[in-house]
Amino acid sequence: QIFPPIEMQGITQVHFRMKPCGINLPHTHPRATELLTLISGGPLQVGFVDTSGKAHIDILHEGDVTIFPRGLMHFELN
């Protein structure tokens, strides 16, 4: 079932578990913004590159949430 507040908003919700030394290679989602919640496996380095070419990088811990805007290159690295 879709979470009602994000239905029809172009948002994808992800519950993320990453194994030690894991990587999710840089990629995009052209049709949706990604809302990522780190369930386990942190700390997790995440980042995206905005439309001006500036990198935005952060470190997530269990329970943290981040957003990757629609269509922007992003990655996750443990």
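This is a predicted model: local features need pLDDT of at least 70, side-chain atom pairs count only at pLDDT 80 or more; totals for chains, interfaces and linings use all residues.
Trainee: Why is Phe-68 called buried?

Mentor: Buried means under 20% relative accessible area. Phe-68 has a relative accessible area of 1%, and is therefore buried.

Trainee: Why does Phe-48 count as buried?

Mentor: The relative accessibility of Phe-48 is 17%. That value is under 20%, so Phe-48 counts as buried.

Trainee: Which residues form the largest nonpolar core?

Mentor: The largest nonpolar core has 10 residues, among them Phe-16, Leu-36, Val-46, Phe-48 and Phe-68. Strand 3 and strand 4 (44–49) each supply at least two residues of this core. Strand 4 gives the most, with 3 residues.

Trainee: Why is the pair of Phe-48 and Phe-68 called edge-to-face?

Mentor: A pair of aromatic rings is described by the distance of the centres and the angle of the planes. Rings pair if their centres lie within 6.5 Å, and planes over 60 degrees apart count as edge-to-face. The count here comes to 1 aromatic pair. The ring centres of Phe-48 and Phe-68 are 6.5 Å apart and their planes stand at 80°, so the pair is edge-to-face. Because Phe-48 lies in strand 4 and Phe-68 in strand 6, the pair ties together parts that are 20 residues apart in sequence.

Trainee: Is His-74 buried or exposed, and how do you know?

Mentor: His-74, which lies in strand 7 (residues 74–77), has a relative accessible area of 1% and is therefore buried. Leaving out residues up to four places away in sequence, His-74 touches several residues, including Pro-26, His-29, Gly-47, Phe-48 and Phe-68.

Trainee: What makes the link between the side chains of His-74 and Glu-34 a polar contact?

Mentor: A polar contact requires a pair of N or O atoms within 3.5 Å, one able to donate a hydrogen and the other to accept it. The side chains of His-74 and Glu-34 make such a contact at 3.0 Å. Glu-34 is also among the residues in contact with Phe-68.

Terms used
Residues are numbered from 1 along each chain as its sequence is written. Side-chain values use heavy atoms; hydrogens and water are left out. A nonpolar core is a set of buried Ala, Val, Leu, Ile, Met, Phe, Trp, Tyr and Cys residues joined through side-chain atoms within 4.5 Å. Buried means under 20% relative accessible area, exposed over 50%, partly exposed in between (1.4 Å probe, protein chains only). Helices (H or I, at least four residues) and strands (E, at least two) are DSSP runs, numbered from the N terminus. Contact means heavy atoms within 4.5 Å. Rings of Phe, Tyr and Trp (its six-membered ring) pair if their centres lie within 6.5 Å; planes under 30 degrees apart count as stacked, over 60 as edge-to-face and the rest as tilted.
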